[in-house]
Amino acid sequence: MGKQKRIKGFAVWLCVVLVLLVCGLLSGGSATRHESIREVMKDAVLHESNKISLLGILDVNPALISAFTVTGIVLLIAACIRIFVIPKFQYVPGKFQLLLEQLVGYFDNLAKSNSPHRNRFLGAYVFAAGVYIFIGTLFELLGLQGITTEGMSIALPAPLSDINAAISLGCLSYLVILSGGIAGNGLRGVGNTLKDFSLPISMSFRLFGALLSGLLVTELVYYYIHLSFILPVAVGIMFTLLHALIQTYVLTMLTALFYGEVSESHERSKTDKKKKKALA
C-alpha cells in the first residue's frame, strides 16, 4: 500500500510538472520585455540603470538597500535571541538552544584550531561574518521588491553580489588579520601580513564572483518565459544554498587560517620547534 501511494504521488507530481512545462512553452512569446538579455546581465554586474532612491537623497545600487535590510534583520534577530531566548537557556538544551550552541561552537572551534593563542576576537568576527554572509545570500530568496528611479519593479539582490560590498568585506577581513599580526608580533606581524597583499583582492573577488554567478544564472533563466515556471525554483534555491554554505566556509576559514599564521609569536614557535626536536 505504501509503495502504491508513493507511485501515485510521483505520477501526480510528474503530471503537474508536464502541464506547467507545456503552459510555459505555449506562452513563450506573450511576455513583454523592457530590456534585452544583454542589458539585464550587464546591469546585474554594474548597476548602471536600475538604481533605487535612498530617502530621496541619493540614487544607490539595489544591493545597498539589501545590505541595510539584512543588517537590520540580523540585529533584530540577535536582540530577540539575547532578550527572550538566552535568559531561558537550560542545562538540558532544547532544539533551538542546541542549534545555537552548535553554531557558536563551530566558529569557536574554527578560531581555536587555527589560532590557539589568540582566538577570542577571531571567534567573534568569523561568527559575525559567517552569519552575515549566510543570511545575506539567502536574502535574495525572499524576492523582496524595490522600485527603481525609472518606476520599474526589481527584486532586491544579495548584498554581496555588489562588488563594492564584496571588496568591503574582504578588506575588513584583511584588517582583522592585520590586527592579529600586530597583537602577536608588533611591527614584524605587520610585515608578515603585508606580504600577502593580494589576499584582500582574492577574498573579495572570490566572494563576489561566486555570488554573482548564481545571480546571473537565475536572471538568465527568469528572462526566458518558457523556462520561468519550474526551473528557477530549482536553480535559484540550489545556487543560493550552495553559495551561502560554501562562501561562508571559505571566507571564515581563510580569515581564521591567515589570522593564526600572523598572530603566532615567533619566539613561541621557535620554542615549540626546539621541544619537538628534543622529543624526537
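## The order of helices and strands

Follow this predicted model along its sequence and you get the pattern α-α-β-β-α-α-α-β-β-α-α-α-α-α. Count up the pieces and the protein chain has 10 helices and 4 strands.

## The chain as a whole

How much of the chain is buried? Of its 280 residues, 34% count as buried. The chain exposes about 17200 Å², and carbon and sulfur atoms supply 69% of that.

Now for who touches whom. Take the contacts with a separation of 6 or more: 70% of them are between residues 24 or more positions apart.

## Helix 4 meets helix 5

To describe two packed helices, you give the angle between their axes and the distance between the axes. Helix 4 (residues 95-114) packs against helix 5 at an angle of about 130°, with the axes 8 Å apart. That angle is why helix 4 counts as oblique to helix 5. The crossing of this pair is right-handed.

On the helix 4 side, the contact is made by Leu103, Val104, Phe107 and Ala111, while helix 5 brings Leu122, Gly123, Val126, Phe127 and Gly130. Sort these residues and you find 7 nonpolar, 2 polar and no charged.

## Helix 5 meets helix 6

Helix 5 (residues 120-138) also packs with helix 6 (residues 163-185): their axes come within 11 Å and cross at roughly 170°. So helix 5 is roughly antiparallel to helix 6.

Which residues make this contact? From helix 5 come Phe121, Tyr125 and Ile133, and from helix 6 come Leu169, Leu172, Ser173, Val176 and Ser179. This set splits into 6 nonpolar, 2 polar and no charged residues.

Conventions. Residues numbered from 1 in each chain as written. Predicted model: local features only at pLDDT ≥ 70, side-chain atom pairs only at ≥ 80, totals over all residues. Heavy atoms only, no water. Axes fitted to C-alpha atoms, helices over the stretch in contact; angles between N-to-C directions. Helix = DSSP H or I, 4+ residues; strand = E, 2+ residues; numbered from the N terminus. Parallel < 35°, antiparallel > 145°, perpendicular 65-115°, else oblique. Contact = heavy atoms within 4.5 Å. Nonpolar A, V, L, I, M, F, W, Y, C, P; charged D, E, K, R; others polar. Buried < 20%, exposed > 50% of the residue type's maximum accessible area, 1.4 Å probe, protein only. Areas by Shrake-Rupley, 256 points an atom, 1.4 Å probe, with all protein chains shown as cover. Left-handed = near helix turned anticlockwise from the far one by under 90°.
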